[in-house]
Amino acid sequence: MDPFKNRRWVIILIITSVGIIFSLRLFYIQVINHDWSERAAEISLTTENLQPPRGFIYDRNNNLLVGAATLYDLFILPIAVKEKDTVIICDVFNFTRSDFREILNQASSGYNVPYKPSVFIKSMSQLEHAKISPFIGQISAIHAESKLDRGYPFPIASHLLGYIRRIDEKQFQKTRKEDDLFYTKNDFIGITGLENQYEKLLRGERGNINYLKDYAGNKMKTVDKTPPKAGKSLLVTLDAKLQKLGEDLMKNKIGSIVALEPSTGEVLAMVSAPSYNPSLLTGRNFANEFKNLKQNDSLKPLINRPVYNDKYRPGSIFKLVQALIALDEGVITKETGFACNKNTIGCHNHEKPNSLLKAIKHSCNPYFFHVYKRLIMKNSNGNIFETSRFGLRIWEEKVKSFGFGSPLGIDLPDEKSGFIPNVEFYDRWYGKKRWAFSTIYSNSIGEGEIGVSPIQMANLAAIIANKGFYYTPHVVKKIEDEELSNKYKIKYYTDIEENHFEIITKAMNEVVNNGTGRNARIDSIEVCGKTGTVENKNFNDHSVFISFAPMSKPKIAIAVYVEYGTWGSKWAAPIASLMMEKYINGKLSEKSYQKMLEIQQSVILDKNTKF
């Protein structure tokens with residue numbers, strides 16, 4: 001007899017019995033007893049997106065310009081509110097009982113339910129939270145959750161840095177059409193400035209967390225978690241102290257300052273005036289503050305003038321471009337002289353412009369009337385209309401080689417192109433063969449139809465400092481561990497031979513030392529500059545100045561435009577000198593400091609301001 005035969009049957013019997021028991025138990029749980037099915041229905045797996053921390057922004061000296069500020073959302077659980085809680089809440093938050101009933105009603109209706117916490121106060125500051133935090137501990141129905149918003153240790157450069165805002169429906173749908181699935185409808189997105197330009201780098205990569213929750217939406221257990229990846233931080237080219245000085249100088253004024261490093265194209269300062277504190281457009285007061293800024297539309301405080309305003313006429317600073325083109329075309333030499341005939345075009349009294357240097361030094365209008373005439377009428381064939389068309393085409397091409405008439409490509413949104421009038425434009429305006437030099441001569445002194453932006457003016461100063469070339473102006477120096485894009489390392493040459501820039505540089509130095517730009521002089525630093533006074537009929541003229549320093553090895557090129565500031569030497573020149581002195585020497589002399597205080601306290605907001 002096989003001794004294992006009985007054992008085999010015993011094992012089979014045990015396995016069969018266990019199977020029957022489990023089957024009966026499962027039948028009981030799934031069919032007869034509904035407790036387990038109800039419990040399963042009450043528990044669900046939920047995935048929650050985790051918002052990544054937004055990248056920070058630092059200046060060229062590693063000063064933090066844009067960081068993170070901790071804010072708090074206050075949540076209320078209506079089902080847990082007791083009568084004594086109502087008294088405390090109304091007292092702490094200065095609510096009436098009617099106000100509080102409305103809060104509870106909103107927290108219990110629509111998408112909200114009374115057994116789930118919902119927000120009733122958004123984006124409290126740390127100070128506000130600190131004041132009420134002792135009382136929160138006494139009320140089980142209220143709790144606070146922290147979140148991060150933008151913080152500004154240096155409240156400067158609001159236009160350049162830009163701001164973020166909760167994404168609206170139009171933006172949300174736009175990202176969806178572009179197959180960008182990053183955003184939810186509660187996320188924030190960069191709207192202007194660097195926040196917009198580098199949005200995809202600053203925002204980081206989203207994470208997620210999977211957890212079990214009960215019927216009330218309360219989290220029960222975390223299943224797994226993928227941490228978010230923080231956005232990349234930006235090291236920008238700005239000098240925070242120089243930017244602050246520029247904003248102080250432009251207080252109560254309309255206009256702009258743009259300072260570049262000629263050897264790299266890096267933006268050292270970019271001021272748009274009037275400005276605003278970037279902290280205003282954060283937190284729960286965003287909507288009110290934004291509305292207040294928009295209501296002040298006559299001053300347009302939200303526009304970044306250096307890149308957006310491209311209809312500024314350059315005035316006399318454009319005489320430098322005319323001179324360089326004329327030298328290159330061979331229609332004048334540095335020894336060429338013209339009479340200052342005020343019957344031709346208006347001018348002020350000065351020594352005879354019997355050379356190019358003296359003409360630039362005193363900004364002689366009749367001189368550059370004749371320079372431009374020689375350019376436009378260079379290849380005269382007896383037909384003034386045909387000659388003017390041919391001459392204007394050559395002039396246009398050479399002007400545009402200076403970066404005028406098209407965006408320079410700065411890494412900021414909304415850069416405008418400016419405008420250089422051409423044959424097609426005048427044909428549309430006057431009709432073919434109905435215009436000639438005598439129709440367009442106002443271009444000779446930077447008036448007429450020419451339109452430029454402040455960034456293009458500063459770039460002109462950098463071109464002359466570099467003797468004929470420029471780099472694309474840019475604001476970002478480094479993106480965390482990444483190097484600067486190669487497109488910002490390319491030299492762009494003008495169509496002017498390098499040797500012609502020497503006399504222009506000498507003339508600009510004379511402008512500052514002995515000419516119209518004497519208010520830009522700096523002790524121990526040789527400055528080169530050119531004033532401009534832009535005609536503004538019926539109101540004060542605009543004050544313009546471009547400059548670079550030191551003369552031999554330029555470290556900074558700058559353009560200043562003060563609307564309604566009268567002549568260029570009055571406001572723009574001294575503002576430029578203070579900026580250059582601060583950057584080159586690292587500080588202002590006592591004399592310059594007093595000059596800074598006088599300019600800072602001056603008000604030029606009214607277009608009819610008298611000086």
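A search of the whole structure finds 2 cavities of 30 Å³ or more. The structure is a predicted model, in which local features need pLDDT of at least 70 and side-chain atom pairs count only at pLDDT 80 or more, while totals for chains, interfaces and linings use all residues. Residues are numbered from 1 along each chain as its sequence is written, and side-chain values use heavy atoms, with hydrogens and water left out.

**Cavities**

- A cavity is a set of points, on a 1 Å grid over the protein atoms alone, where a 1.4 Å probe fits but cannot get out; lining residues have an atom within 4 Å of a point.
- The largest cavity holds about 40 Å³ of space, a volume being the space filled by probe spheres set on grid points that are joined across faces, edges and corners.
- Its lining consists of Ile-325, Glu-329, Leu-375, Lys-378, Gly-391, Ile-394 and Trp-395.
- By class this lining has 4 nonpolar, 1 polar and 2 charged residues, where Ala, Val, Leu, Ile, Met, Phe, Trp, Tyr, Cys and Pro count as nonpolar, Asp, Glu, Lys and Arg as charged, and the others, Gly among them, as polar.
- Helix 13 (319–329) and helix 16 (384–400) each supply at least two residues of the lining of the largest cavity, and helix 16 gives the most, with 3 residues.
- Helices (H or I, at least four residues) and strands (E, at least two) are DSSP runs numbered from the N terminus.
- The second largest cavity holds about 30 Å³ and is lined by Ala-157, Ser-158, His-159, Gln-243, Glu-247, Met-270, Val-271, Ser-272 and Ser-275.
- Its lining divides into 3 nonpolar, 5 polar and 1 charged.
- Helix 6 (158–161), helix 10 (240–249) and strand 12 (266–273) each supply at least two residues of the lining of the second largest cavity; strand 12 gives the most, with 3 residues.

**Second largest pocket**

- A pocket is an open set of grid points with protein on both sides within 12 Å along at least five of seven lines.
- About 530 Å³ of space lies in the second largest pocket.
- Its lining has 24 residues, of which Ser-316, Asn-365, Ile-445, Glu-447 and Thr-533 lie nearest the centre.
- The lining of this pocket divides into 5 nonpolar, 13 polar and 6 charged residues, and strand 16 provides the largest share, 4 residues.

- An open sheet is formed by 5 strands in the order 12-11-18-17-16, with antiparallel pairing; two strands pair if DSSP finds at least two bridges between them.
- Strand 12 and strand 16 (528–534) are at the edges with a single partner strand each, so one side of each has no neighbour in the sheet.
- Neighbouring strands of this sheet are turned by 5° against each other on average, direction ignored.
- Strand 16 pairs with strand 17 (residues 542–549) in the antiparallel sense over 7 bridges, and Val-544 in strand 17 is the bridge partner of Gly-532.

**Helix packing**

- Helix 10 lies across strand 11 (255–261), strand 12 and strand 18 (556–562), and runs at about 25° to strand 12.
- Axes are lines fitted to C-alpha atoms, for helices over the stretch in contact, and angles run from 0 to 180 degrees between N-to-C directions.
- Helix 16 packs against helix 17 (residues 423–430) at an angle of about 135°, with axes 9 Å apart.
- Helix 16 and helix 17 are therefore oblique to each other (under 35 degrees counts as roughly parallel, over 145 as roughly antiparallel, 65 to 115 as roughly perpendicular and the rest as oblique).
- Arg-389, Leu-392 and Arg-393 in helix 16 meet Val-423, Glu-424, Tyr-426 and Asp-427 in helix 17, contact meaning heavy atoms within 4.5 Å.
- The contact of helix 16 with helix 17 has 3 nonpolar, no polar and 4 charged residues.
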